[in-house]
Amino acid sequence: MNNFSAARAITPAVERTKRFLFQPFRLGRFLKLTLVALLTEGGMSSCNFNSHIPSGKTGPMNFPFHWPAIHLPTLAAIGGLLALVTLITIPIALVIGYLWIRLRFSYFDCVLYEQDQIAPAWSRYHRQAMRYLGLSLCVGVAFWLVLIPIGYALYQHFKALFQSILGGNPPGFSEFLPLIAVVGPLVLVLALVSYLVETAMTCFVLPRMAIDDAAIRDALEDVWSDLLAEPGQFALFFLLRVLLSWVASIFALILLVIPLIPLAIVGVLIVLALKSASVTLAISLGVPLAILAGVFFLIAAIGVSGTIGTFRRNYALLFYAGRYPELAMALWPPLPPSFPSQEPGLPLRPQEGL
């Protein structure tokens, strides 16, 4: 079993990504895999919140920040409409989340076993996707339980500042400094915690659910034990993973923009030449050429982004395989038992148990 450190896993991850996507290279296969990788491995999650509970007993309901008064019948109609929208959107969001998570499990299976068939992998991960969805919902609720008290405390502490802004009397920049001094570090801390949680779930919890069909509690306990066993290596993995993603994204942007510049120049010259002859001709040829160029750019962006996403998955697989024996067995299955050679002139291979 290869026990790669966070630093030593980079080069094998690059080689494994090249072998999986480019050896052999077939454009249709490459675009299919990179599109799925872009959807499942290249995304970023965020959490936005904005809530306020009105106060009042009877008559008009007055909101803070000098909002206009809303009478109870109107408020009831608005509340009913919001409840209806919520009842419709929540099930749709849950279904989309489930499908996206199941597709992530399927692509994990493809990269792990270096096979390109999404459908067979899709059929194996219904239970795991449901568990992962439940875990994601629990994590989301936990973040809300943290964010709502923090937001309420900030509002109460800076209530006068907020009321002066919405009351048409904006304060000077110096009066914003205390708010910035509190909100800035708070946002950084929440972003760091969000990244650590998302990475741990994606890179460590998901493999245990996929390979062992582990329950949520068992997967979390195992991952926590792994983190405590090698905190330095896991911290380095978290750091290198984000740094490598940034570096790869910068190179990808350069790779996409450099060919685009001469193409844009040539396209403008062609349009100007056609326009001098006929405006109708310039439009009839320029618009399809622009659409075609946009399609090619989109395909190139999918290919580059999906390649980065596949590398991220391979990097996590190779690093965690040294801490998770079942994952290592899936990555490097044992060779079939060898048999004594009967060819003359070749030595017999030693057999286990003899």
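Proline 24 lies in the loop between α1 (10-22) and α2 (27-40), where helices (H or I, at least four residues) are DSSP runs numbered from the N terminus. The peptide bond that leads from glutamine 23 to proline 24 is cis, with omega near -5°. Most peptide bonds are trans, and most residues other than glycine have a negative phi.

The model is predicted: local features need pLDDT of at least 70, side-chain atom pairs count only at pLDDT 80 or more, and totals for chains, interfaces and linings use all residues. Residues are numbered from 1 along each chain as its sequence is written, and side-chain values use heavy atoms, with hydrogens and water left out.

Glutamate 114 is placed in the loop between α3 and α4 (118-122), and has a positive phi of about 50° although it is not a glycine. Glutamate 114 is partly exposed, with a relative accessible area of 33%; buried means under 20% relative accessible area, exposed over 50%, and partly exposed in between (1.4 Å probe, protein chains only). Aspartate 213, in the loop between α7 (173-212) and α8 (216-229), has a positive phi of about 55° and is likewise not a glycine. Its relative accessible area is 23%, so aspartate 213 also counts as partly exposed.

The chain as a whole has 11 helices and 0 strands, a strand being a DSSP run (E) of at least two residues. Buried residues make up 30% of the 354 residues in the chain. Among contacts (heavy atoms within 4.5 Å) between residues at least 6 apart in sequence, 71% join residues at least 24 apart.

The interior can be described through its nonpolar cores, each a set of buried Ala, Val, Leu, Ile, Met, Phe, Trp, Tyr and Cys residues joined through side-chain atoms within 4.5 Å. The largest nonpolar core has 57 residues, of which Phe105, Tyr107, Phe204, Phe237, Tyr315 and Leu327 touch the most other members. Helix α3 (residues 72-113) gives the most to this core, with 9 residues. Beyond its neighbours within four places in sequence, phenylalanine 237 is in contact with Ala6, Thr199, Cys203, Phe204, Tyr315, Ala316 and Phe319.

Isoleucine 308 belongs to helix α10 (residues 279-321), and it is buried because its relative accessible area is 17%. When neighbours within four places in sequence are set aside, isoleucine 308 is in contact with Ala248, Ser249 and Ala252. The C-alpha atoms of isoleucine 308 and glycine 42 are separated by 7.4 Å, although these residues are 266 residues apart along the chain.

Helix α10 also contributes to a pocket. α9 (231-277) and α10 each supply at least two residues of the lining of the second largest pocket, and the largest share, 11 residues, comes from α9. On a 1 Å grid over the protein atoms alone, a pocket is an open set of points where a 1.4 Å probe fits, with protein on both sides within 12 Å along at least five of seven lines; lining residues have an atom within 4 Å of a point. The second largest pocket has a volume of about 560 Å³, a volume being the space filled by probe spheres set on the points, which are joined across faces, edges and corners. Of its 21 lining residues, the closest to the centre are Leu260, Leu263, Ala264, Leu289 and Ala293.
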